[in-house]
Every structure is written in C-alpha cells, then in structure tokens.
Amino acid sequence: MIRALAGALLISASLFTSVRTEEYDLHALLRRRQLTAHNRTATAISDGAMRALRLNEGAGEGIVWLNDVTFSTGTIDVDLRGQDVLQRSFVGVAFHGTNDSTYDAVYFRPFNFMAKDSVRAIHAVQYVSHPIWTWRKLREERNARYEKAVRNPPDPNGWFHARIQVTPTEVRVLVNDDASPALEVTRISTRGSGKIGVWVGDGSGGDFANLRLTRRD
C-alpha cells in the first residue's frame, strides 16, 4: 500500500513538470534588434541553408545576449562554427547571466579537437563560472575536471552541434550525435537562472545558428 501510494505521488508530481521548447532564429533576432552585443559586433550571415549570427574577432570575451530571455534548467541546443587556428577560436554559450561579467559558460576550443598532443586534446570543451572560476583558475586548482576532450571530434573548421543539459547541480555537454557526454561536471555557481547568449573568447570570433531552449520548470 505504501509503495503504491509513493508511486502515485511520483506520477502526480511529474504531471506538474512543465517542459517547453522554444526556437530562436539569431539571424532574425539581430535584424529585429532583439539582441544586445557586449564587446563584439554581430552580423547576420547566410551559409547555404544556414541562417546564422557572426561575431567578429576582438580582444577580451564577447557575448551577444538575447533580450528579455532567461533560462534556468533544461537543455540548450545550438550549432556553432569556429576555426582551426591555435589559441584564436573559442565558441560557446553563456547562461545564468547577471551582467556582462557574471555568468556560467560552456565553450569549445576547435583548434584542439584533433590535436595529436594529449594535453591539448583534453582542453577541447570547457565549463567556467565567471567572474571567479575562470578557465585558468579551474586548470590551476581543479585540473582536468572542468575541461575534457571531445570524442569523435568534428571538423574544427566546420559547423557542429552542441547540446548542453543544465540541472540544478550539473552540466552535461554532448556533441553532434554522440550519446555520451563529452563533459559532465558539477556546477560551481549557485545562480539558478539568468540571461542567456552566445559567447566567444579572447581574440576569437565565431558563427552561431539554430538556438533552441527546452525548459524544465
């Protein structure tokens, strides 16, 4: 009887979980002035059938935030393109943002995707939590825990798909059709929600398309 009641309670609780999927055309949002760029210039581009957003190269980190859009838990899907240029390509997503310097991010170093050097190879995908937990601080104090290699690495000069799963305690990152996470970490930040946008690192530009948020509230 107790087990049956517990099962019923779990089923009832699941009915109150809201799952919503929202798609964002970054190309169109830029034209409608529904994006806010920090430390970069954003341009709408077309690449075959792909309608995308391009961020220029520049010093420091750059973010393009979606206006009036917040994200807490669920899944972030996005297509990205960097380049195979050593230390000049860092492309990803910022989320749970408070301002232009306080946010979590997951990003990729495409120039390390196919690196023969084993040390470079394990620095292909990274989780950070700014302003305190930068990549440098994480590498110095928690080495090899918050950055990993990408199995079955994609073309470092081509488009690839990232799926970032965010729970209250964890972040998991899947690349293209790989069913196993390339990165699976415990979240450092206690921020439960905030702004979301596309992100590039110091000296880097990048291309972004097909942003989709699946929210679990």
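This is a predicted model: local features need pLDDT of at least 70, side-chain atom pairs count only at pLDDT 80 or more; totals for chains, interfaces and linings use all residues.
A pair of aromatic rings comes down to two things, the distance of the centres and the angle of the planes. Going by ring centres within 6.5 Å, the count here is eight aromatic pairs. One of them brings together Phe-90 and Phe-111, with 5.5 Å from centre to centre and 90° between the planes, so it goes down as edge-to-face, the label for planes over 60 degrees apart. This pair ties together distant parts of the chain, as its two residues are 21 residues apart. Phe-90 is in the loop between strand 6 (74-81) and strand 7 (91-97), while Phe-111 is in the loop between strand 8 (103-108) and helix 3 (118-121). Both Phe-90 and Phe-111 are buried.

Another edge-to-face pair is made by Phe-108 and Phe-113, at 6.3 Å centre to centre and with 80° between the planes. Phe-108 has a relative accessible area of 1%, so it counts as buried, the cut-off being under 20%. Phe-113 comes in at 5% and is therefore buried by that cut-off too.

Lys-137 lies over the face of Trp-133, 4.9 Å from the ring centre. Arg-142 also has its charged end over the Trp-133 ring, at 4.3 Å from the centre.

Note on methods. Residues are numbered from 1 along each chain as its sequence is written. Side-chain values use heavy atoms; hydrogens and water are left out. Rings of Phe, Tyr and Trp (its six-membered ring) pair if their centres lie within 6.5 Å; planes under 30 degrees apart count as stacked, over 60 as edge-to-face and the rest as tilted. Helices (H or I, at least four residues) and strands (E, at least two) are DSSP runs, numbered from the N terminus. Buried means under 20% relative accessible area, exposed over 50%, partly exposed in between (1.4 Å probe, protein chains only). A charge sits over a ring if NZ of Lys or CZ of Arg is within 6 Å of the ring centre and within 35 degrees of the ring normal.
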